Amino acid sequence: MTGSKIRNGMTRLVPYAFILPPMIYLMVFMFWPLARQMYMSLTNTKIINPNRGRFIGLGNYERLFDDPAFYLSLKVTLLYAVLAVIFGVALGVISALAIDRPFKGRSIVRAILLFGWAVPNVAASLIWLWMYNDRSGIFNRITEFAGIGRFGWLTSIDLALASIVAVTVWQVAPFVMLVVLAALQSVPHEVREAARIDGADGLSTFRAVTLPHIRPAVQLASLLVCVWSIRRFDIIYLLTGGGPVGTTSTLVVKIRQTAFEGHELGMASAYGAVGLVLALAIAAVHYLAEQRRMKWMSR
Amino acid sequence: MPALTFKNVSKNFGDHSVIKAFNADIHDGEFLVLLGPSGCGKSTLLRMIAGLSDITSGDLRFDGQIANDWEPKRRGVAFVFQTYALYPHMTVRENIAFPLIMDAFRKWYHLPVVNIIARHRLMRRSDIAERTLKMARQLELEPLLDRRPASLSGGQRQRVALARALVRDPSLYLLDEPLSNLDAKLRTQMRSEISALHNKVGKTFVYVTHDQVEAMTMASRIIIMDKGVVQQVDTPDNVYDNPANTFVAKFIGSPPMNLIPASVRPSGLMLSGEIAVEHREALPSRREAMFGIRPEKLELKPVGEGRLPARVAVIERLGAETVIGCRFITGKDDAGELLIEQDLVFVRVSGNPKMQIGEACSLDYRSEDVLWFDVDTGQRLS
Amino acid sequence: MLKVLRYLLIGLLVVLAGFPVYWMATTALSLNSELYGTGQVIWPQLQNLPELWRELGQVPIGLWLFNTLLIAAGGTVLSLTLGSLAGYALSRFRFHGKGLVGFLLFMTQVVPEALILVPLYAMFITFGLLNSLIGLVLANVGFSLPVACFVLKGAMDAVPYEIEESAIIDNCPRFSVLTMIILPLIMPSIAAAAVVAFFAGWNEFLFASTFLMDRGNWPASVGLASFVGQYETPMSAVMGAALVFSLPAVVFFLLIQRKIVAGLTAGAVKG
């Protein structure tokens, strides 16, 4: 690729000339704040004076790990991520399989299936809020019509998280579908035909040829959905604000709450640190699994 | 003073040694061909001359000055890539003019928006426009000037690449297998065009190829390489008539030289361990040697007339001549077991003799046409 | 038989995916009296279009969209500029710390925005960037730069290296190789990266709602969100505004979906 370039004197610096501007930018606007955040979690900074906080060591963390609200938010985060991944990926894969083979009107169908991903978070929040609305929302109108009565989709302790998951699935499945579709359509025709000539029927072709081909795509999509779920803020905050009673407060929501409603920046940072560690752990797991798979493939 | 000197130049990619202790002088104005199989290091050498790859150890000198660290632009070379490397988004005219424009660019012209303006202005500048047009005319590209490379044929792209190389009038031309992507007929035509070009321009050409026909027809001198080591440096005639070792002997010539293991006995010669041959003159002084003879030096005779009894295994009729692959008749009759033919002895015969596969015949030769090689090292024995 | 099931499934998926958007349109075309009182009509009532147009005047959607446009455009330009520099470096050079750079870029996709919200807030107060669109753009680019970098890097990897070598021999310095040779050859990917960066800025809510105090600076995302939880929301106007807000995003996403997926997955796989 690069050959071995002549690098002497000034030319040795050329790569750095290219990579430094973006990296400096990221240092200033991403990594230094991140580092500061980590440090802030060790202080008792309050929002009134964000630049003046005293170092209190692991005090925030001690309080954190004693607080049932923290464990609740941890549980909510994990539950939310797992549910979003399972249902989002399932729906995405099903959609991809359904529209894999060409049919009339396929481009329109495909376009409609992408709506969930394309519609901005805020607009999606508004419409789903309206649909979930207690008195005038379409869901309650349907359930009332069906005789099951009304539900507090976003206000009931049992239903709130599920309702949020539903919205998330609506948003995320199209992305999974695209990723899986790309993998499906990269299965070379010749391989499928060869399998058919060798006598395999539809289902075994699927298992032997198609499935292995899309497995990496499904894994990748799952990872991305998982990480996005941990990061997701807009939808949850706008739909439930973290309630009722913290049943939809993921770690990220707690950060916002603790900082701007509880006014405690230090504590909020501690929440944030946990969220980051979680996201990193998941990414690391995926990375290691990829490495292992690569090694296995080149045995 | 030679135009280029390589002194003990070696090149490693990590631990892998691609070129070992390469020494050579390239003379001003000659057409030097670097010939060898894939992976022998010839392209790497060319890139080192151009400044595209760096030199692990040793000296490269341009007109006596050590040039290892010189940037490509300082070396004043032109490079024609195997894939032509034309700029796909520029027209033929812009491709050819590009080197001229780059030479005319001042430092601050390279700023993002400025460069577009500067390019347009410079394209219209009289000297640049004229030189581009003249170059295009010389290579018969004038009608194509406003087309993009994608719409050109292989031969046309080849010529655009040449035009772009020539337009700067460099002192050194480097060509990396420029003809490998062309079909056979075009290749023959372009070969003569490039040779004519060299005669006209009179500058030093360094040409890399794996095709020995190209090397033999175009070169003033050939450097044959294998696995990073020079095998022989000589004119085409010498390389053909006096190969330095078995590698050169087999690489040059089509079909390649026949190499048969031989043992020297007091009674005469034993070929392939089984055939006793009456041969007294000019025998090497060792017991085992490689017997080498070119296909056109072997004579095909009816059964019994020649010293080597053989059976025809393969016939290739080429129109003006025929190549016949034979297997010696040894007494062991296991030839029918294999599906593919190997270790055949090839004879070149003019015309179209009426031979059949499986027919018996005999081969003969003159002792002075035999070249002897060492069995272990492959070196030529004198 | 299998075919029928298939079409049924497709129909079901279409309903699930498309209904919310359909409902947005229907709601926008309803009268507020219907929405809150008599019951929303299920079919879109196109006759209410003029009414909708008038109602949209109640909502400062024009100003909001203008702000959104500024934020999105600014973020796009900056992301593409820095992203192409980074992408080129990663694609063509080997240098010390290259692995680290790759890791850091990957990290930005894992970090929750909320995490750097607070430090950025503190930083912006110090530098007086708090209420400004510029500050917001600067914050957003941190997340879209790496995506642009990966998309562009992938495209650059596909450009044969010999073309660059040819330019270098022709006396072209590296920076111009990037601007004059490489970038023109990867225009489709630049477009895709631009769209991704643009709509990342277009949709962004968290930073905008935290950093922008002035109502006059609000982008559409914050403006629309301000209707959440209000009692007397002019729902049809809001839905109309939401539709206008969503339309460009939907249109463009449909146009370049393939490229985005390729870019995102390539970046994530390379890590």
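Q: How far apart do the C-alpha centres of domain 1 of chain C and domain 2 of chain C lie?
A: The C-alpha centres of those two domains of chain C lie 32 Å apart, where the domain bounds come from an automatic or database domain assignment. This is a predicted model, in which local features need pLDDT of at least 70 and side-chain atom pairs count only at pLDDT 80 or more, while totals for chains, interfaces and linings use all residues. Residues are numbered from 1 along each chain as its sequence is written, and chains are lettered from A and ligands numbered from 1 in the order in which they are written.

Q: And which residues belong to each domain of chain C?
A: Domain 1 of chain C covers 1-56 and domain 2 of chain C covers 59-270.

Q: How many residues of each are in contact?
A: There are 11 residues of domain 1 of chain C in contact with 11 residues of domain 2 of chain C, contact meaning that the C-beta atoms of two residues, placed from the backbone, lie within 7 Å. On the domain 1 side, helix H1 (2-28), helix H2 (32-38) and helix H3 (49-56) of chain C each supply at least two residues, and H1(C) gives the most, with 4 residues. Helices here are DSSP runs of H or I with at least four residues, and strands are runs of E with at least two, numbered from the N terminus.

Q: Switching to the interface, how many residues does chain C bring to the contact with chain A?
A: Chain C brings 73 residues and chain A brings 74 residues. On the chain C side, helix H13 (residues 235-270) gives the most, with 14 residues, and that side divides into 55 nonpolar, 13 polar and 5 charged residues. In this count Ala, Val, Leu, Ile, Met, Phe, Trp, Tyr, Cys and Pro are nonpolar, Asp, Glu, Lys and Arg are charged, and the others, Gly among them, are polar.

Q: Now chain B: what does its secondary structure come to?
A: Chain B has 10 helices and 21 strands, and buried residues make up 36% of its 382 residues.

Q: In what order do the 4 strands of the open sheet in chain B run?
A: The order is E2-E1-E4-E5 (chain B), with antiparallel pairing, and two strands pair if DSSP finds at least two bridges between them. Strand E2 (16-26) and strand E5 (65-66) of chain B are the edge strands, each pairing on one side only.

Technical notes:
Buried ≥ 20, exposed ≤ 12 C-beta atoms within 10 Å, placed from the backbone.
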